[in-house]
Amino acid sequence: MQNITSSLVALAAGLVFGLGLILSGMGNPAKVQNFLDFFGTWDPSLALVMGGAIAVGLVAFTWAKHRKTSLLGEPMQLPTASAVDRRLLTGAALFGTGWGLAGFCPGPAVMNLATLQSEVWLFVAAMLAGMLLQHWWATRR
């Protein structure tokens with residue numbers, strides 16, 4: 001029963017996230033690219049969406065730090081790394097470059113698979129290939 005409950009909660013969270021992306025327009029890659037176009041068709045709405053997400057996340061993570069288990073009774077698994085190192089900066093640079101060029105980050109890309117556009121499927125395939133390559137690279141050490 002616990003597995004079914006966890007799966008249903010995960011599904012509901014994913015649906016709420018997807019709905020938020022749709023309502024905010026963040027599933028549209030042009031909106032993301034316009035946010036990055038300071039000297040052209042700049043659209044600051046992404047900054048407002050990010051600010052709202054950061055505020056919600058700050059409250060949630062602050063609350064989660066004081067708990068040993070989640071609301072469903074699972075052990076709390078929060079990140080412990082705090083170093084800003086070359087790996088983090090390289091990953092952030094690669095993520096930002098891909099995000100700026102394609103207009104997608106992982107959540108909106110997966111959501112946009114339903115559009116059946118070949119560009120989206122190509123982006124998700126490249127994203128998965130990059131994840132597998134990174135995993136292979138990290139485990140070969």
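A: Start with K31 and D43, which form a salt bridge with their closest N and O atoms 3.0 Å apart. A salt bridge here is a side-chain nitrogen of Lys or Arg within 4 Å of a carboxyl oxygen of Asp or Glu. This is a predicted model, where local features need pLDDT of at least 70, side-chain atom pairs count only at pLDDT 80 or more, and totals for chains, interfaces and linings use all residues. Residues are numbered from 1 along each chain as its sequence is written, and side-chain values use heavy atoms, with hydrogens and water left out.

Q: Where do K31 and D43 lie?
A: K31 is in helix α2 (residues 29-35) and D43 is in the loop between α2 and α3, so the pair ties together parts 12 residues apart in sequence. Helices (H or I, at least four residues) and strands (E, at least two) are DSSP runs, numbered from the N terminus.

Q: Is D43 buried or exposed?
A: D43 is buried, at a relative accessible area of 19%. K31 is partly exposed, at 21%. Buried means under 20% relative accessible area, exposed over 50%, and partly exposed in between (1.4 Å probe, protein chains only).

Q: How many salt bridges does the structure hold?
A: One.

Q: And what about charges, how many positive and negative side chains?
A: The protein has 8 positive and 5 negative ones, and the centres of the two sets are 16 Å apart. Lys and Arg count as positive, Asp and Glu as negative, and His and the chain ends are not counted. Each charge is placed at NZ of Lys, CZ of Arg, CG of Asp or CD of Glu.

Q: Change of topic: what is the secondary structure of the protein?
A: Six helices and zero strands.

Q: Which residues form a nonpolar patch on the surface?
A: I4, L8, L11 and L15, with about 420 Å² of accessible area together. Patch residues have over 30% relative accessible area and no salt bridge; like charges are joined within 9 Å, nonpolar side chains (Val, Leu, Ile, Met, Phe, Trp, Tyr) within 5 Å. Areas come from the Shrake-Rupley method with a 1.4 Å probe, and for residues only the protein chains shown count as cover.

Q: Where does L8 lie?
A: In helix α1 (residues 2-24). L8 is exposed, with a relative accessible area of 52%.

Q: How much of the protein counts as buried?
A: 16% of the 141 residues. The accessible surface comes to about 10700 Å², and 72% of that belongs to carbon and sulfur atoms.
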